[in-house]
Amino acid sequence: MKNHFREKKKQMFEEFDAFYSGYPADVSDILEKLDEEDRKEPDRTPYRLKAMQYRILSENCRVKVFRHCPFYFEIVSGIARGRLGAKLPLSESGFGSWIIERNRKINDPFVEFFKPYEEGYFLHSLSKFFDVTHIIPGYENVFAYGFNGLKNRVLDKLANESDPERLDFYKAMIQGLDAGMLVAEKFAAEADRMLKEENDPDVIRNLTRIRESALRCPKEAPRTFYEALNTYWFLHELLKIFDCLSIATIGHIDRELITYYRNDISKGILTRQEAEELIYYYLLITDGIFDYYEQGRDHLNANMALTIGGQNPDGSPVYNEITSIVLKAMSELKLVNPNVSVRVGSQDDPQYFKEIAEMIAGGCNNYSIINDDTAIPSLVRAGIPLEDARIYGTGGCQETVVPNKHHFMRAFMYINLPILFNMSLHGKTEDREYLEKLFPLAFFNEATNYEEVYRIFLKNFREYCLAVSAKFREYAPYAKIYNPLPLYSTTVDDCIDKGKDYTDSGARFYNASISLVGVGTLIDMLYTVKTEVFEKRNFTLKQLSDMAMNDFEGPGEERVRQYLLNRVKKYGNDEEELNRFAAKIFHDLAELSSGMDDGFGGRYVASLFSYNWYAKMGFHTEATLDGRKAGKAFSRSIGPSEYGKTIEISKAIHSISRIDSTEYPGITVLYLDMPYTRNRLNTQFYVDLLRYFMVNGGYVLQLNIVDRETLIAAREEPDKYRNLVVRVCGFSEYFVSLKPERQEEMINRNEASQ
Amino acid sequence: MSGALISRIQRFSLHDGDGVRTTVFFKGCPLHCRWCHNPETITPDRILMTHFEKCIGCRACLEACPHKAIVFDENRHFVKRELCDSCGRCAEVCFPEAMTINGQYCDVGEIMKEIDKDKELYALSKGGVTLSGGEPMLHADFIRELGSAIIERGYTLFIDTAGYVPFREFEKINDLVDTYLYDIKSMNPDTHRFITGKDNALILENVRKLSDLGKDIIIRMPIMEDVNDSDENISAAIAFIKELKSVRQIDILPIHKLASAKYRSLDLDYSFVEDRKETDKTVIRKIIERFVENGMNAKEN
Ligand code: SF4
Ligand code: SF4
C-alpha cells in the first residue's frame with residue numbers, strides 16, 4: 001500500500017500546495033454583500049441574521065474540487081491556510097466569521113475581563129465563552145436522514161409552531177440546510193465543468209464519482225462507504241464555515257462506517273484495497289491542507305481528532321476491519337495529523353492490543369490511547385447515561401465528548417495552580433489587587449500547621465473556580481445571540497424537538513470544566529511545606545517564601561534550593577506515602593472544581609487537561625517551593641514534575657495507582673517520553689505497557705518515542721529531519737517547525753527521562 | 001533478617017530476561033572485565049562516586065570529610081582516593097548530589113517492597129525479577145532467602161551470572177531459579193584471562209553442570225571487535241553450547257561506550273573501551289547468523 005500510494009499522495013499534496021499558497025482568498029465582495037444586507041435590515045433577530053448569512057454565503061461562495069483528491073469539501077471562504085476558523089481577525093478566518101465580527105461587542109468585554117489575568121499567566125481562556133472546538137456534530141444523524149430528512153423534521157415542527165423565536169429558529173434551520181444542499185450542487189457543477197476539459201482517465205473517474213455523489217449527498221442519506229466518508233469532510237467544512245465553528249473532530253470512523261463498508265464489500269462495489277486507499281486519503285487531508293512546515297509556529301489550531309475502537313451503545317466492542325486499516329495506515333503514513341484517539345478497554349480483543357502496539361512500535365507519534373475502563377465510568381459520573389457514555393468520541397486533542405447530543409465545554413479555561421499557591425503564600429501587592437477583584441484571597445501567614453495551609457489553599461481554589469464559572473455563567477445567555485448555530489443544531493439530538501439551539505440548552509447533555517495546570521508541581525510544594533516547615537521545622541514559611549521570591553539567588557540560597565529539590569521527597573517517585581498524599585490532593589481538587597452550574601443546565605466536572613499551558617505558564621511563573629527556578633515548565637496533567645530529575649516509566653505509571661481518574665471526566669493524561677531506540681523493543685512490550693497503564697487506572701496515555709540524540713541532531717540540521725513527528729502535548733508536530741524554546745524544552749524533558 | 005549490599009534496584013528492565021523485570025544489582029565481583037559497564041558494582045564495599053559537574057561550590061563536603069580526602073581549590077576539585085574510605089559524610093551534605101555513595105545495605109523486606117510495586121506488570125508481561133551485579137552468586141546464602149520470597153509471590157527468578165564461583169553456591173539456590181542468564185566471554189583461556197583477569201575453566205564447567213541438571217539457560221556473549229569476535233572463538237562457542245542440553249537462547253551483546261561517565265565518577269580508567277570502536281552491527285549480525293546456521297536460537301540484545 002505504502003509504495004503504491006506514495007505517488008498519489010505526492011500528486012494530491014502538490015495540488016493542495018499550489019492551491020492553498022494563494023490563501024487567504026479575497027472574499028471582500030461577499031463580505032460587502034453581508035454588510036449591505038445587514039444595513040438594509042439592522043434589527044434582524046439573531047436567528048434571522050444567521051439565516052441571512054447562510055443565504056448570502058451559499059449563493060455567492062465558490063468551491064474548489066481537486067483533481068487528485070477523491071473527496072469534495074473545499075469552500076473558498078477567505079480563511080488563511082492552517083486555521084481552524086471561528087476566530088478573529090476576519091482577514092484570517094474568512095466570511096464565516098463575519099457574524100462574530102459583527103457581534104464582537106458581546107464577546108469583547110468577556111475577553112477584556114480576563115485579559116489582565118491572562119497577562120499575568122494566572123489563567124488562560126480561549127477568549128470564548130462558548131466552546132465551538134471540542135464538539136462532535138451529529139454525523140450519524142446526517143447519515144441516517146440526509147439534509148432532506150432533517151428538513152422534513154423541521155418542517156413538521158414549523159407547521160405547528162407559533163412562538164416567534166422558535167419560528168425564526170426553525171426557519172434558520174431550513175435556510176441552513178438549503179444552503180448546504182446548494183453548496184453540494186456547486187461541487188457537482190464544478191466537477192461537471194472540469195470533466196469537460198479533462199483527459200486523464202484516473203481523474204475522469206474521480207471527478208465523475210464526485211459529481212454523482214455531490215448531486216445526492218448530503219441531500220440524501222449516504223448509501224455507500226465512499227459517500228459516508230466524504231460526508232464527514234463535507235459536513236466538517238460546511239459547519240466550520242457556515243456556522244463559524246472550529247470543530248476539531250472528524251468522526252468515529254470504525255463505529256460509524258462499518259455497516260457501509262460491509263454492505264459495499266458484500267455487494268461487490270468495494271474491495272478492501274479500495275477502502276484502504278480511501279481511508280489513506282481521508283487521513284492525509286489534514287496533513288495536506290495545513291502547512292505544518294511553516295517554521296516557528298505551533299500549529300495548535302490545526303488539530304483534528306479521529307476516534308477509533310471503543311464500544312457500541314450495547315457495550316459490544318467496535319474493533320473491526322476499519323480499525324485495523326486505520327492503525328496500519330497510521331504507522332505507514334507518519335502523519336502529524338489527524339490526532340487519532342485509540343479507545344481501548346481491558347476486555348478488548350488481544351489482537352486489537354497487538355495492532356495498537358505495532359502502530360506504536362512503528363514509530364507513529366500522533367495518537368493518544370484512551371482507557372475505556374476509566375473513560376466510560378468517568379462520563380457516567382458526569383451524568384451521561386451508560387449507553388451514551390459508551391460511544392464517546394474525542395475532540396481536539398483527546399477531550400472526551402458524546403457525539404450527537406453533548407456539549408462539553410473544555411480546554412477553554414486553564415488555571416495556574418502553582419501561581420495560586422504562591423499568591424496565597426506571599427501575595428505580591430500589584431497582582432493581589434486584581435486577583436482580589438475576582439475572589440477574596442486568603443493568605444497562609446497565620447497558619448500554624450500544615451492542615452491550615454492546605455485548607456486556606458483549597459478555599460482560595462474553590463473561590464477561584466466559583467468566580468471563573470460565575471463569569472462564564474453570566475455570559476451563557478449571550479451564546480445564542482452572539483453566534484447561534486441553527487444549521488449545526490439540525491444534526492444534534494433534541495434541538496429540533498425542543499425548538500432550541502445548541503447554544504441555548506437544546507442538546508441533551510451539557511458539561512463544562514476548568515483545566516488545572518501544574519498539579520504535580522503543586523503537590524511537591526505542599527509536601528515541602530508539610531515536612532520542611534511543620535514537621536522538621538527546618539524553615540519557616542516566611543523564609544521559604546522570601547527565598548522563592550528571590551529565585552533562590554541570595555547567599556547560600558542555592559544550597560537550600562538543591563536541598564529542596566533533592567532531599568525532599570517528590571511525587572512520581574512511587575513512594576506509598578506520597579502516592580497517598582497526592583491522591584488526596586487530586587481528589588480534593590476534583591471535588592472543588594466540580595458541581596458549579598454551567599448556565600446551560602449542566603454542571604462543571606473536573607479536568608486535568610493541561611495542553612501546552614504547563615510550559616507556557618511555567619515559563620512565566622516565579623520560583624516554587626519544590627526547588628524549581630523561575631521560568632521553568634510545570635508538571636504535565638496527572639504526571640509528576642520533570643524538573644531536574646529522572647522520570648522512570650514504571651514509577652510514573654505506578655504513582656498514579658492511588659488516584660481515581662474517574663473523578664476527572666475532563667480527563668487526566670499521563671505523558672511519557674520513551675527514550676528507547678525503537679528497534680530494540682518488540683511490540684509485546686507496548687502491549688504490556690498499555691495493560692499496565694490500565695491496571696493502574698490511567699485515563700489517557702501519550703507516548704513520545706524519540707531519542708534525545710535525534711532531537712538534538714534535528715535541531716542542528718532541520719533539513720535532514722523534516723519528517724520527524726513529535727508529540728508536543730495534546731497535539732503532534734514536525735519537530736523542525738517548533739519554536740526554539742519548545743524544542744529546547746522537549747530536549748530537556750527527554751533528557752530527564754533517560 | 002540478613003542483608004546484602006545492593007548497588008541499585010532497576011525497575012522496568014527490558015533487557016534482562018523475559019518480559020518486564022525488576023533487576024537487583026548486587027555488589028562485588030570476582031572477575032574484573034575491562035569493559036565492565038557497571039564498574040561501581042565490582043567492589044564488594046560502598047564506594048564514593050563524584051559528579052562534579054553538578055557541584056555548586058558550597059564547600060560543605062570539605063568540612064564533612066574526616067580524612068581530608070577532598071581537594072577543592074581554584075583549579076581543582078577531586079578526591080584523593082588513597083585517603084578516602086567511602087564513609088559517605090560528604091555525600092550526606094552534598095545536596096546537589098555531586099558526591100554520592102553507591103551501595104546500600106538492604107534486607108529482604110526492603111528489597112521485596114520495591115519489587116512488589118510492579119507485581120501487576122510481571123503478571124501481564126510474564127516478567128519477574130533478575131538478580132544481577134556484580135556477581136550475585138557471591139551472595140547465594142542471601143539469595144536463598146530473597147529468592148524464596150520472590151518465588152512465594154509467584155514471580156519468576158532469573159540470575160544473571162558470570163559463573164566464577166564454586167558449584168556448591170549454585171546448589172544452594174538451584175531449586176529457586178527459573179532461568180540463568182549465563183555469560184561466556186571467551187572460549188579461549190588466554191583471551192578470557194586478558195578480558196576478565198581469570199581463567200574460564202570453572203565457568204564452563206559450571207554451566208555444563210547446570211545444563212546437566214536441566215536448568216533453563218540463556219547464554220550471553222558480549223562481543224568486542226578484535227578481542228573475542230574471532231571465527232575460532234565463535235566456532236568453539238558453537239561447539240560447546242551445542243553440547244549443552246538446556247540452552248534455549250543465545251544473546252549476543254555488542255560492547256558500547258556508555259559507561260564513560262561512571263568511570264569518571266569513580267576515577268577509573270576506561271581507555272580500554274574508549275580507545276576502541278563500538279562493536280559494529282554487521283559483526284553482531286554475522287555472529288548471530290553463524291549460530292542460526294547451526295540450528296541455534298541467537299539474538300542481539
Ligand atoms: S558539598 Fe557538593 S556541591 Fe558542595 S562543594 Fe562539595 S561537591 Fe560541591
Ligand atoms: S567518602 Fe568520606 S572519606 Fe571519602 S571523601 Fe567523602 S567524606 Fe571523605
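**Exercise 1. Determine how many salt bridges link chain B and chain A, and characterise the contact between them.**

*Solution.* Between chain B and chain A the count is one salt bridge, a term for a side-chain nitrogen of Lys or Arg within 4 Å of a carboxyl oxygen of Asp or Glu. The partners are Arg11(B) and Asp574(A), with an N to O distance of 2.7 Å.

The model is predicted: local features need pLDDT of at least 70, side-chain atom pairs count only at pLDDT 80 or more, and totals for chains, interfaces and linings use all residues. Residues are numbered from 1 along each chain as its sequence is written, chains are lettered from A and ligands numbered from 1 in the order in which they are written, and side-chain values use heavy atoms, with hydrogens and water left out.

Next, count the polar contacts (pairs of N or O atoms within 3.5 Å; within protein, one must be able to donate a hydrogen and the other to accept it, and residues adjacent in sequence count only if both atoms are side-chain atoms). Ten residue pairs, both at pLDDT 80 or more, are in polar contact between chain B and chain A.

Elements giving two or more residues to the side that touches chain A are β1 (3–13), α2 (89–93) and α4 (119–125) of chain B. Of these, α4(B) gives the most, with four residues.

Finally, consider extent. Contact (heavy atoms within 4.5 Å) involves 25 residues from chain B and 22 residues from chain A. The buried area, that is, the accessible area (1.4 Å probe) that two parts lose on being put together, summed over both, is about 2200 Å², 59% of it on carbon and sulfur atoms. Phe12(B), Phe95(B) and Leu124(B) supply 32% of what chain B buries against chain A, more than any other three residues.

**Exercise 2. Identify the residues that form a salt bridge between domain 1 and domain 2 of chain B, and describe their interface.**

*Solution.* An automatic or database domain assignment sets the bounds: domain 1 covers 3–44 + 104–300 and domain 2 covers 47–102. Their C-alpha centres lie 32 Å apart.

Nine residues of domain 1 are in contact with eight residues of domain 2. The two domains bury about 690 Å² between them, 50% of it on carbon and sulfur atoms. On the domain 1 side, Ser265(B), Leu266(B) and Asp267(B) lose the most area, together 58% of what that side buries.

The rule finds one salt bridge across this interface. Arg81(B) and Asp267(B) form a salt bridge, their closest N and O atoms being 2.8 Å apart. Helix α10 (residues 260–265) of chain B gives the most to the domain 1 side, with three residues.
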